[in-house]
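Dear colleague,

Please find below the structure that I am handing over to you.

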Amino acid sequence: MAERTFRKCVLVMGYFLLGASLLAQPYRPSQEIQGKVDSLLALMTLEEKVGQMTNIGVAALCKGGFYEGRDTLELDSVKVNRLLLKYHIGSVQNKGKYPPSIEEWNRLIGAIQEVATQKSRLGIPILYGNDGVHGANYTEGSILFPHQIGVAATWEPRLAEAAAQVTAYELRASGIPWNFGPVVDVAKQPLWGRMFESFGEDTYLNMVMGNAMVRGLQGNNLSDPYRVGACLKHFAGYGMAHNGKDRSPVYMPERLIRQVILPPFEAAIQNGVPTVMINSGTINGIPCHTNKYLITDILKGEMRFQGFTISDWEDIDNLVKVHRVAVDEKDAVLQSVLAGLDMCMDPYDESFAVHLAELVREGAVPVARVDDAVRRILGVKFALGLFEQTLHPVSEYPDFGSEAFTKSSYEAAVESMTLLKNEEDLLPISKDKKVLVTGVAGNSLNYLNGGWSRTWAGVDTTYNDPDKLTIYEALQDILGQANVSFVQGTGYTEEINIEQAVETAKEVDYVVVCVGEQPATEKPSDIDDLSLPQVQQDLVTALSRTGKPIILVMVQGRPRIIREIEPLCKAILMAYLPGNEGGRAITNVLLGDENPSGKLPYTYPRYTGSIWAYDHLKSDDRGPDFGFGAFQPQFEFGYGLSYTTFSYSDLKVEAMPDKDEITISVTLTNTGRRKGKEVIQVYVSDLVASVSPAVKQLKRFRKIELTPGLQKEVKFKLTSKDLAFVNQQNQWVVEPGEFQLRVGNLSHTFNWKK
Ligand code: BGC
């Protein structure tokens, strides 16, 4: 057999250099801050240092047991003094059972800050963090946006930035300067229950949306009282668990970790993110929390990250209890701190700090490692302006929960709506007709909001905002009570009254079946079957026998298999988890007051046994007959219809290796009868490479609005970095040769020489 000849390749520096326009400044503490940090560090005892490296759950400071369901967060002065003054804990996170108001948050955090800044020896402020994953979701009355998967489906970074900016404003209004988000875990395993918290399966879409969110959260200045510090999570590979279960193992060669997983982290770090949360799971058997190569060499070394890393919840204990790489907690502390962990989210107590101090005294952990971690943490505290002012008066946040902020959530929800089927132009629904709304998600705000909504699980209805509308209520609001009926039909997995839904369907013109996923996150979001629960499919089947047109609305965080019921539905709308304005957004799309323009941020599989992302290899596409064409998803990544139609023409591509530039222009025409938005997507395929190349990869996109009959020429620019991949030596390279570029239904092949 002839020896494989590797083509000549050109090394490139790293993926973060791709698309330079994406990038702003990396986080670097100023000279002045560094000076202040050093002076403070020089005064600190070992106990004060390890305390700064510890983050506890707020419940550990409050009266009652840690997990006691409480309706107030009342500080327990004994616990506060013990943890903050005796053990010098420097950071607090989370909430209790219920969402406090901004006033209550301020009272609570104010009291904690007062102890830290007034009563402790050095007066170092607390860094308070929270999961504002779709708005300041743990504050009463805050705006609840679509979850990240819906934001990704807008393909509109402007909306991601706006949502994040409101989130930052409302977090700061609550006294919280640090957000545990965005999630930039590329999610190629649709079984993963946290897919809804991610931007989906594509690396580039994650980069662009992650950066937009970082811009919105942080602005240009971390000490801005209307912005917060972001915390990227979860470093790295959380969305790629091989069995799809939460926090379960990832098996991936370094080559793909670098090519698929790291770029969104790297891009956001170059864009100024000051903190990174570590993934709870393992990669190739090594827990991320003990992975020195990942944390110290790659993140802090290659990516030159100067902020600090924080563990995920209880993950040092988990090195003993779950991963079994440490004999006891002290061993776990040793391994993680030496790997480069700077702060431990030790929710319940001070044990991390106690073990760490001992390890330093015993000489197992060098003081220099602790000093490095504390420097990083104090730097961020200074950069966030906490030493000047820990809280800002509530009166400085008049826009909290405002109309304008609500509009921003509505707009994001509308633009996320992804129309997957519309046979014979069934939609929009005519407003003079009668509608039955049925299905588990038809009359539920909790289903629209999903997990992390007022409560962690998002299932408690006690804290729902009374003035927000479900899908049923929003349809009634416009069509009139008499014209819209509701029969639930099913729960998530159990039958309620399918027969009654069928009987009612006989009386109406349209049946809107709102299927969905029960709100959940983390472990409770694990599922054993990607299919939509059978009973929800049975509802559709039973209703289809009435002959009434069925509109399927899917309110779900991941793509649940609908192969059997898809032919029974004339129209299908994917709503993701659209948030508090979701009822109105879905309604206005169904009625045609809004034109859908969302595109799938993941591949929608047809079979539970055929799970591939769009950027699979050609070998993934081989069928039982050894031919090609096995990749037949239900709906493709990037797919979504509109009430108008678009055509693409005049694709011009000029590849200029000498200038390191590829210019692309294409003309988009609105060929339909109403104004609409289209997402132009540019894909590149490397036709031959030394490592089997992806069939295609997204490289650029832009959303364009056009009125009927109008056309627009749209231009893009690529550079050689957009042609790069990670080779067998784990280096980013560009190999010369033929590439194919695809935009809409057009394509162009060009040669790249260097
Ligand atoms: C989750 C993180 C979250 C943290 C704090 C963990 O269990 O995995 O995403 O930021 O809890 O609430």
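Which pocket is the space taken by the ligand? The ligand takes the space of the largest pocket. Here a pocket is an open set of points on a 1 Å grid over the protein atoms alone, with protein on both sides within 12 Å along at least five of seven lines, and lining residues have an atom within 4 Å of a point. A molecule sits in a pocket if more than half of its atoms lie within 2 Å of its grid points.

Please note that this is a predicted model, in which local features need pLDDT of at least 70 and side-chain atom pairs count only at pLDDT 80 or more, while totals for chains, interfaces and linings use all residues. Residues are numbered from 1 along each chain as its sequence is written, and side-chain values use heavy atoms, with hydrogens and water left out.

**Ligand site**

The ligand is surrounded by 13 residues (a heavy atom within 4 Å). Among the closest are Arg194 and Glu522. Oxygen atoms of the ligand lie 2.7 Å from a polar side-chain atom of Glu522, 2.8 Å from an N or O atom in the side chain of Arg194 and 3.0 Å from one in the side chain of Lys233.

Yours sincerely

Terms used:
A polar contact is a pair of N or O atoms within 3.5 Å; within protein, one must be able to donate a hydrogen and the other to accept it, and residues adjacent in sequence count only if both atoms are side-chain atoms. On a 1 Å grid over the protein atoms alone, a cavity is a set of points where a 1.4 Å probe fits but cannot get out, and a pocket is an open set with protein on both sides within 12 Å along at least five of seven lines; lining residues have an atom within 4 Å of a point.
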